[in-house]
Amino acid sequence: MAQLIATWLSDPRYCDNKGKALPLPRLKTQQEIVSFESLVENVNKKDLRARVLLDNCLHQNTVYIDENDRVHLNFEAFVPEHGLEDKAAFFGNNLHDHFAAAGRNLTDNSPAFFDRAVYYNHLTPESVEKLSGLANEQGMELLKSVNRLAKQFQQADHGKDEALQRINLGLFFFHELKSDDEIQDKDQLNE
């Protein structure tokens with residue numbers, strides 16, 4: 001499914017020039033050559049039918065079908081909502097790669113992997129909401145931009161002997177209330 005979404009967000013037949021997935025007719029016809037069905041056929045060289053993949057995507061809420069029988073991608077919500085197995089695979093892949101990058105940065109003299117964070121406390125819920133919106137908007141733009149370029153490189157590099165590398169770029173945003181202990185420590189310091 002990842003390859004399908006990557007193609008939908010990078011191939012100019014299936015997305016606009018900013019990498020926004022276009023709504024696709026569910027089935028290809030003589031009038032509509034570009035469709036969800038043709039996208040599946042383009043990505044999946046095996047004998048997986050478009051309907052099976054569509055049902056799976058609908059079940060995971062990664063797509064929806066509008067009143068005109070067009071399939072829309074819910075990319076912004078692409079964290080599996082159903083099924084512990086899907087959630088665990090998503091979690092495991094991202095956690096493994098983040099730990100591997102951070103671990104290598106600690107122990108290896110090679111050029112460091114990009115691994116940065118922004119940390120602030122003493123924020124109101126309104127401020128956190130604004131920062132979350134900014135992170136979501138700009139983070140999605142970065143992911144879409146890297147996706148488009150990576151897809152182009154993958155197609156250009158296909159078949160080359162040295163094309164053995166893989167990438168994983170992930171972003172996250174986390175917030176929580178301070179613990180009671182942190183609040184008490186702050187209050188004691190202010191006395």
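View 1. Phe173 counts as partly exposed because its relative accessibility is 38%, where buried means under 20% relative accessible area, exposed over 50% and partly exposed in between, with a 1.4 Å probe and protein chains only. The model is predicted, so that local features need pLDDT of at least 70 and side-chain atom pairs count only at pLDDT 80 or more, whereas totals for chains, interfaces and linings use all residues. Residues are numbered from 1 along each chain as its sequence is written, and side-chain values use heavy atoms, with hydrogens and water left out. Phe173 lies in the loop between helix 5 (125-157) and helix 6 (180-190), helices being DSSP runs of H or I with at least four residues and strands DSSP runs of E with at least two.

View 2. Three strands form an open sheet in the order 1-3-2 with antiparallel pairing, two strands being paired if DSSP finds at least two bridges between them. Strand 1 and strand 2 stand at the edges, each with a single partner strand, so one side of each has no neighbour in the sheet. Strand 1 (residues 24-25) is joined to strand 3 (residues 70-73) by two bridges, and Pro25 stands opposite Arg70. Strand 2 (residues 63-65) pairs with strand 3 over three bridges, with Val63 opposite Leu73. In the hairpin of strand 2 and strand 3, which has four residues between the strands, Asp69 takes a positive phi near 65 degrees.

**View 3. Trp8 and the largest nonpolar core.** Leu4, Trp8, Phe36, Leu39, Val63 and Leu73 touch the most other members of this 17-residue core, a set of buried Ala, Val, Leu, Ile, Met, Phe, Trp, Tyr and Cys residues joined through side-chain atoms within 4.5 Å. The largest share, four residues, comes from helix 3. Trp8 has contacts (heavy atoms within 4.5 Å) that include Tyr14, Cys15, Val71 and His72.

Technical notes:
Lists of a residue's contacts leave out its neighbours within four places in sequence.
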